[in-house]
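Q: Please take a close look at the surroundings of the ligand in this model, and go on from there to the helices that take part in them.

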Amino acid sequence: MKNKRRILFVVWSLFMAFPAWLFAQNAAAPAASGSTDDTNLVKWLIIVAAVIIVVAVLALFKALNSMLKIQEINALRELGMEEAAQKLAAERKVSWWRRMMERWTDAVPIEQEKDVLFDHDYDGIQELDNKLPPWWLALFYITIAFAVVYIFYYHLSGMGMSSQEMYAQEMKQAEAAVAEYKATHGSGLDETNVTLAEDETALSIGETVYKTNCVPCHGGQGEGGIGPNLTDKYWIHGGSIQNVFKVIKDGVPEKGMLAWKDQLKAEQIQAVASYILVKLQGTNPPNAKEPQGELYEPEETAAPDAENTPEAESDGGE
Ligand code: HEC
């Protein structure tokens with residue numbers, strides 16, 4: 001009877017744990033290819049959940065087991081088999097848990113404490129000559145073994161990495177990730193953090209970019225043509241460096257203004273936008289196209305958009 005229950009319990013807990021184990025396998029699979037912290041976290045959460053389930057089932061079985069026992073004892077009593085009932089009850093008392101506790105604490109029962117009492121007495125405080133609890137001793141030996149392995153692995157064999165080496169490696173990985181990001185996304189310069197480039201090098205780069213790409217539609221001097229006049233103070237999409245950068249980067253495809261983000265690097269867009277604002281604006285060339293859009297006043301429009309000001313963004317730079 002008892003053995004049958006035990007077998008049932010083991011089968012049942014394996015049955016419960018199996019789907020969780022499968023789940024963990026599935027969650028771990030993408031971690032092998034992508035190796036993200038997220039999938040690892042999910043994997044561990046599932047493992048922890050599986051352990052909790054197994055422990056819960058264990059507790060349930062134990063409760064069920066003792067309920068059945070109590071019923072058995074009561075049934076025996078009702079049948080008048082007092083001796084058998086008592087034997088079962090005694091068996092029940094020395095539970096598995098109790099036996100484990102005794103083995104791992106090795107404590108002297110209170111009734112026998114007299115035998116291990118030292119014969120000194122300090123102001124009524126006495127001392128027992130108990131053995132070291134095995135659980136504690138085991139931990140102690142484990143820590144010693146751990147220390148030996150640890151020292152060998154990290155300090156003698158050269159296999160384990162020290163914290164400094166780990167830090168250096170992680171920094172290297174991060175640098176590689178930044179380099180990769182820059183290679184695919186440019187330098188991270190965009191309309192949220194772009195500033196007006198006023199140095200001559202940038203402005204001459206801007207001029208070259210303008211002369212090569214923009215003249216057919218905006219005119220050799222920015223006077224306008226198919227595209228609007230870029231020398232006046234009127235702007236359809238706003239006249240701040242951020243606005244101009246964005247319109248060049250993303251374009252206005254439905255109105256015939258190309259998006260230049262694939263042809264030009266962010267720095268080149270910054271340069272040409274700066275060239276327009278610093279060198280072309282206010283030049284009043286002949287044959288200028290009539291103003292389009294709204295008059296742009298730098299003080300008014302720039303202020304409310306505090307997030308886009310270069311100062312606010314400066315700490316987010318490289
Ligand atoms: C194929 C023609 C064409 C080319 C080439 C072109 N643009 Fe434009 N651009 C336009 C048109 C059309 C508009 C007006 C869009 C609208 O009405 O919204 C415009 C709008 C703009 C604006 C916004 C003007 C405003 O009032 O807000 C800027 C800035 C600008 N272009 C810069 C450039 C720069 C810099 C280049 C070169 C890298 C360039 N464009 C190349 C056609 C062109």
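**The ligand shell**

A: Of the 21 residues around the ligand, those that come nearest are C214, C217, H218, H237 and M257, where a residue is near a molecule if one of its heavy atoms lies within 4 Å of it. This is a predicted model, in which local features need pLDDT of at least 70 and side-chain atom pairs count only at pLDDT 80 or more, while totals for chains, interfaces and linings use all residues. Residues are numbered from 1 along each chain as its sequence is written, and side-chain values use heavy atoms, with hydrogens and water left out.

A nitrogen atom of the ligand is 2.7 Å from an N or O atom in the side chain of H218, an oxygen atom of the ligand is 2.6 Å from an N or O atom in the side chain of H237, and a backbone N or O atom of I236 lies 2.7 Å from an oxygen atom of the ligand.

Helix 8 (215–218), helix 9 (241–250) and helix 10 (266–280) each supply at least two residues of the shell, and helix 9 gives the most, with three; helices here are DSSP runs (H or I, at least four residues), numbered from the N terminus.

The axes of helix 9 and helix 10, lines fitted to C-alpha atoms over the stretch in contact, with angles from 0 to 180 degrees between N-to-C directions, come within 9 Å and cross at roughly 125°. That makes helix 9 oblique to helix 10, since angles under 35 degrees count as roughly parallel, over 145 as roughly antiparallel, 65 to 115 as roughly perpendicular and the rest as oblique.

How values were computed
Polar contact = N/O pair within 3.5 Å; in protein donor to acceptor, adjacent residues only side chain to side chain.
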